[in-house]
Amino acid sequence: MPNIRYAYMNHWKNIPYQKIPNFRDFYYQDKSNTAYYSDWDNLLKYQKALGFDGIEVAPWDLADIIPLFGSADAFRQFAAERGVEITGMFHGAHASHDKSKFEEVVKAGKDAVDTIVGFGGTQMNTCPTDNYCGIGPLSREEVAQCAHVMNEIGRYATDHGVKLGLHNEFFCGINLAEHREFIELTDPRFVHYCIDTAQIAIMGEDLLDFYDTYAERISGFHLKDTADPQQPDNVRFSRDPEIQDDGKRWFWELGKGVLDFPALYELLKKHQYKGWITLETDGSPDYLASMAMCRYYINDKLNPIYR
Amino acid sequence: MSTQHFAISLDMINRHYSEPNRNRYESKYYWEELYTLIAAAGFDSIEIPFEPVWQFGGRSGVPMTQYSLNTKYGNTEQYRKLLADSGINRVSAVSFNANLFVRNDQLGFYFGASGHFGSQAIAFASELGADTLVLSPTAYAGRLRHYHPHLQVDDKQFIEQTKALIEQLSETAAKTGITLALRPEYWSMISIPVLLELVHQCPANVKLAVNTAHLQLAELDSVAFIQANAKAISYVQLADTPLTTSQSFSQSASPEFPSQQATQVFADVGTGSVPLTDVIKTLTDQDYSGDICLCNHQTRDPMRALLRDKRFVNQLVSQAKGV
């Protein structure tokens with residue numbers, strides 16, 4: 001049994017079909033690749049074939065997945081029949097810094113935990129609050145309020161078999177200046193951390209030092225590369241910076257950016273990390289090609305270090 | 001007849017479903033080139049869907065909310081200047097549907113969000129100088145019934161609530177001179193005959209928007225429908241489909257994607273079986289003077305669709321000249 005199991009973060013957008021029963025006919029309608037990217041049956045098989053045995057869903061997937069399959073459990077079963085587990089779901093704890101919205105934010109978090117339990121998942125990777133632009137800089141009280149909310153949701157998650165992993169984006173209201181202070185304010189019994197390798201590097205964290213420091217708190221990874229670590233405040237604090245106007249990409253396939261993944265895997269070995277690592281391919285024009293490129297890199301460069 | 005009579009719906013760009021290269025549609029640069037290509041194909045008007053989803057989550061590159069325009073251009077005036085500089089002189093209409101708000105068992109949430117964001121859609125249309133909000137009367141019936149299994153098509157209480165919503169929106173629309181054009185749809189919770197009655201009961205600024213593909217999928221003859229309802233029609237979406245019925249999938253949760261037999265329900269203009277030339281002739285015979293928008297929903301290739309639109313218009317021009 002390997003120490004690391006690999007999952008894929010669902011970035012496919014809405015998938016309209018469970019399974020295409022008339023694949024050849026559908027192909028011939030327009031002779032394009034539409035048939036190849038329109039059903040869960042094939043997309044799950046693609047990732048399974050490439051060694052990604054789990055899938056993390058996102059809240060914005062639910063409006064289509066649930067009616068398409070009838071229930072979260074039906075989707076879980078469908079994926080399981082193809083050898084894929086639902087690892088968990090991303091969650092955005094919007095407005096958690098705002099004391100007046102405490103009840104609302106905690107309820108949304110608990111609802112998300114319930115949804116994850118319905119999918120059979122065990123991870124809730126949670127962006128601590130809204131984007132920096134519009135709310136930043138947060139006061140120390142507001143940072144503490146975010147931590148308080150995370151502790152409350154995390155306690156409920158723990159009671160239901162789900163690990164809440166903080167997931168910081170480079171443009172989040174919790175940003176470089178308060179990132180570690182915020183983590184220290186959360187309760188390690190209930191609140192863990194999911195390292196998005198590219199996001200925290202762009203934010204300005206030293207990926208290797210961060211993992212080495214917080215190894216005991218780490219519940220998962222979102223694995224992706226970047227060519228642009230340590231972006232300045234005016235980029236991170238700008239409005240809606242994740243999707244750039246000129247098509248510039250923040251995120252790249254493993255080995256196509258500048259992050260030192262072999263060194264990270266040496267640290268995983270040092271700390272004997274055990275659990276899911278979730279590949280992300282957001283920003284790619286071709287998720288399947290990106291998934292295959294990353295699988296080759298994992299097999300070739302990372303597995304020899306630690307697996 | 002020239003191409004200047006026709007608008008192009010930005011709905012031809014796939015914002016929501018999986019396909020390679022889809023994510024470029026979320027960046028501003030894609031749309032700014034698209035406007036120039038629409039103009040290059042000979043069209044100078046566009047229809048814009050209003051989609052609240054683009055004001056959440058930082059995806060404001062998609063120009064389908066006021067938030068997006070304010071974020072990327074400062075204000076609507078600057079956006080309209082960009083359009084004009086790109087050869088797009090007019091927004092013919094804004095379209096809006098409430099499918100996004102069918103996500104729980106609270107009908108109050110569905111109607112409340114529809115009213116809130118419907119009002120935003122009207123303001124968006126007004127800001128863009130459009131005369132019309134093309135409104136889907138209800139969300140997908142199948143999706144509503146997933147969360148509300150007791151609901152049936154033409155449920156009286158649901159119709160009353162929908163009517164109240166439409167009247168509320170029509171009041172808002174009247175303040176800025178916007179016409180609400182209700183679109184008969186094959187997937188609706190309100191059948192088309194009942195919708196026609198409802199339109200006649202509504203205030204004067206509530207009209208009909210005809211989408212020719214929807215009519216054919218509802219097993220209606222577009223030409224006969226236009227002849228029978230000409231006075232109520234204020235907007236036309238010229239859309240095509242190869243299908244002549246939707247009976248097996250119209251009530252499903254995803255009625256644009258038939259689950260038993262995967263197929264492209266909506267075809268590029270001129271590539272399906274809707275008698276579009278006859279529709280144009282009928283509109284002319286009825287002295288229709290409103291906008292006509294070419295719709296290529298679900299196209300596999302927007303640039304090819306644009307040229308197919310141009311080919312269709314060229315054929316109309318040739319026929320008019322007797323060539």
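A residue is counted as buried here if 20 or more other C-beta atoms lie within 10 Å of its own, with C-beta atoms placed from the backbone. By that criterion, buried residues make up 48% of the 323 residues of chain B. For chain A, the share is 49% of 307 residues. Both values, like everything that follows, come from a predicted model.

Chain A contains 12 helices and 8 strands. Its radius of gyration is 19 Å, close to the 19 Å that the globule rule gives for 307 residues, so chain A is as compact as a globular protein of that length. Along the principal axes, the C-alpha atoms of chain A occupy a box of roughly 60 × 45 × 40 Å. Of the contacts in chain A with a separation of 6 or more, 84% join residues 24 or more positions apart.

Chain B can be described in a similar way. Its secondary structure consists of 11 helices and 8 strands. A compact globule of 323 residues would have a radius of gyration near 20 Å, and the 19 Å of chain B agrees with this. The box filled by the C-alpha atoms of chain B is roughly 55 × 45 × 40 Å along the principal axes. Residues 24 or more positions apart provide 81% of the chain B contacts that have a separation of 6 or more.

Where the two chains meet, 33 residues of chain A and 31 residues of chain B take part in the contact. On the chain B side, α1 (28–40) and α5 (141–147) each contribute at least two residues. The chain B residues that touch chain A comprise 16 polar, 9 charged and 6 nonpolar ones.

An α-helix has 3.6 residues a turn, so residues three or four places apart point the same way. Just after α4(B), B:Gly129 adopts a positive phi of about 80°.

Methods:
Residues are numbered from 1 along each chain as its sequence is written. Chains are lettered from A and ligands numbered from 1 in the order in which they are written. This is a predicted model: local features need pLDDT of at least 70, side-chain atom pairs count only at pLDDT 80 or more; totals for chains, interfaces and linings use all residues. Helices (H or I, at least four residues) and strands (E, at least two) are DSSP runs, numbered from the N terminus. The radius of gyration is taken over C-alpha atoms; the globule rule is 2.2 Å times the number of residues to the power 0.38. A residue is buried if 20 or more other C-beta atoms lie within 10 Å of its own, exposed if 12 or fewer, and partly exposed in between; C-beta atoms are placed from the backbone. Two residues are in contact if their C-beta atoms, placed from the backbone, lie within 7 Å. Ala, Val, Leu, Ile, Met, Phe, Trp, Tyr, Cys and Pro count as nonpolar, Asp, Glu, Lys and Arg as charged, and the others, Gly among them, as polar.
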